[in-house]
Amino acid sequence: MALNGFTLSGFNVTHVDLSPEFAGTLYGISNTIANINGITGPIIVGYFLESGTTIENWNSVFYIASGVYVAAAMFFNVFASAERQNWSTKAS
C-alpha cells in the first residue's frame with residue numbers, strides 16, 4: 001500500500017496516452033472492472049472469518065490481498081502500453 005501512490009502517475013494517465021478522444025470511456029470501463037473487487041473482497045473476507053477473527057484468518061486475508069496486488073501490478077507492467085492506438089480517432 002505504501003507504493004499505491006504510483007498508480008496516479010502510471011495507470012490513471014495511460015487512458016489519455018492510449019486514446020485522448022476516448023480516455024473517459026476507457027477509464028469508465030477499467031474502473032468498472034476494477035471495482036468488482038469491492039464486491040468480491042468482503043465476500044472473500046467473510047469466508048475466511050467465518051470461523052472467527054483470529055490472527056491466522058486475518059493473515060490469510062492479507063496474503064490474498066497482497067497476492068492480488070502483486071499479480072495486478074505484474075500484469076500491468078508486462079502488458080500495458082502507452083502508445084496511441086490506431087482505433088483512437090473518431091471517424092469523420
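The model is predicted. The chain has 5 helices and 0 strands, and its elements follow the order α-α-α-α-α from the N terminus. Its radius of gyration is 17 Å, well over the 12 Å that the globule rule gives for 92 residues, so the chain is more spread out than a compact globule.

**Overall dimensions and surface**

- Taken along the principal axes, the box filled by the C-alpha atoms is roughly 60 × 20 × 20 Å.
- Of the 92 residues in the chain, 12% are buried.
- The accessible surface comes to about 7,200 Å², and carbon and sulfur atoms account for 67% of this surface.
- Among contacts with a separation of 6 or more, 58% are between residues 24 or more positions apart.

**Annotated segment**

- An unreviewed UniProt entry places the feature "transmembrane region" at residues 61-80.
- Helix α5 covers residues 55-79.

**Salt bridge**

- The count comes to 1 salt bridge.
- This salt bridge pairs Arg84 with Glu21, with the closest N and O atoms 2.9 Å apart.
- Arg84 lies in the segment after α5, whereas Glu21 lies in the loop between α2 and α3, so the pair ties together parts that are 63 residues apart in sequence.
- Arg84 counts as partly exposed because its relative accessibility is 45%.
- Glu21, with a relative accessibility of 36%, also counts as partly exposed.

**Buried positions and their contacts**

- Ser19 is located in the loop between α2 (residues 11-18) and α3.
- The relative accessibility of Ser19 is 0%, so Ser19 counts as buried.
- When residues up to four places away in sequence are not counted, Ser19 touches Leu26, Trp87 and Ser88.
- Thr14 belongs to helix α2.
- Thr14 has a relative accessibility of 12% and therefore counts as buried, the cut-off for this class being under 20% relative accessible area.
- Apart from neighbours within four places in sequence, Thr14 is in contact with Phe76 and Ser81.

**Nonpolar surface patch**

- Phe11, Tyr27 and Phe76 make a nonpolar surface patch of about 240 Å².
- Of these residues, Phe76 is also a contact of Thr14.
- Tyr27 is placed in helix α3, which comprises residues 23-34.

- Asn12 is part of helix α2.
- Asn12 counts as partly exposed, with a relative accessibility of 25%.
- Asn12 and Asn31 are separated by 19 residues in sequence, and the distance between their C-alpha atoms is 9.9 Å.

How values were computed:
Residues numbered from 1 in each chain as written. Predicted model: local features only at pLDDT ≥ 70, side-chain atom pairs only at ≥ 80, totals over all residues. Heavy atoms only, no water. Patch = residues over 30% accessible without salt bridge, like charges linked within 9 Å, V, L, I, M, F, W, Y side chains within 5 Å. Areas by Shrake-Rupley, 256 points an atom, 1.4 Å probe, with all protein chains shown as cover. Salt bridge = Lys/Arg side-chain N within 4 Å of Asp/Glu carboxyl O. Helix = DSSP H or I, 4+ residues; strand = E, 2+ residues; numbered from the N terminus. Rg over C-alpha atoms; globule rule 2.2 N^0.38 Å. Buried < 20%, exposed > 50% of the residue type's maximum accessible area, 1.4 Å probe, protein only. Contact = heavy atoms within 4.5 Å. UniProt positions renumbered as here; feature names shortened; annotations may be inferred.
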